[in-house]
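Colleague: Before I set up any calculation, I would like to go through the charged side chains with you. Could we take them one by one?

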Amino acid sequence: MERLELPRDLFLGMPVLSLQGNRFLCIENHRGILQAGREKILVAAKPWSIEVTGRDLSIQRFTKDYMEITGYMEHIFFLL
């Protein structure tokens, strides 16, 4: 892995989260949406699930391994 200069998180299949303030969240390497609502979004990831809570949450972009969430995010939990 180090010889190939691959990012460790991508090699292991773990999610990569990028947060801009509390209004924009990008999740790479997810495994799907488990629940989606205006106050809570639950995303499957390896080896846990990611729960985002807040107000006016919305999934703006969604592909097989990438998603963008916008809204007023109050908490981000990692659930085993």
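Modeller: Let me begin with a term we shall need: a polar contact is a pair of N or O atoms within 3.5 Å, and within protein one of them must be able to donate a hydrogen and the other to accept it. Please keep in mind that this is a predicted model.

Colleague: With which side chain does the side chain of glutamate 68 make a polar contact?

Modeller: Glutamate 68 belongs to strand β6, which covers residues 66–79. The polar contact from its side chain is listed at 2.6 Å, within the 3.5 Å cut-off, and the partner is the side chain of tyrosine 66.

Colleague: Does glutamate 68 count as buried or exposed?

Modeller: The limit for a buried residue is under 20% relative accessible area. Leaving aside neighbours within four places in sequence, glutamate 68 is in contact with Phe24, Leu25, Ser58, Ile59, Gln60 and Arg61. Because its relative accessibility is 15%, glutamate 68 counts as buried.

Colleague: Which arginine meets glutamate 68 in a salt bridge?

Modeller: A salt bridge requires a side-chain nitrogen of Lys or Arg within 4 Å of a carboxyl oxygen of Asp or Glu, and here the N to O distance is 3.8 Å.

Colleague: How far apart are the closest N and O atoms in the salt bridge of lysine 40 with glutamate 51?

Modeller: Lysine 40 lies in strand β4 and glutamate 51 in strand β5, so the pair ties together parts that are 11 residues apart in sequence. Lysine 40 is partly exposed at 29% relative accessible area, while glutamate 51 is buried at 14%. The closest N and O atoms of the two are separated by 3.6 Å.

Colleague: Which residue forms a salt bridge with arginine 38?

Modeller: The N to O distance in this pair is 3.5 Å. Arginine 38 sits in the loop between β3 (32–36) and β4 (40–44), and its partner, 18 residues apart from it, is in strand β5. That partner is partly exposed at 41% relative accessibility, and the name you want is aspartate 56.

Colleague: How many salt bridges does a search of the whole structure find?

Modeller: The pairs discussed above include arginine 38 with aspartate 56 and lysine 40 with glutamate 51. They belong to a protein chain with 1 helix and 6 strands, and for the whole structure the search gives 4 salt bridges.

Notes:
Residues numbered from 1 in each chain as written. Predicted model: local features only at pLDDT ≥ 70, side-chain atom pairs only at ≥ 80, totals over all residues. Heavy atoms only, no water. Helix = DSSP H or I, 4+ residues; strand = E, 2+ residues; numbered from the N terminus. Buried < 20%, exposed > 50% of the residue type's maximum accessible area, 1.4 Å probe, protein only. Contact = heavy atoms within 4.5 Å.
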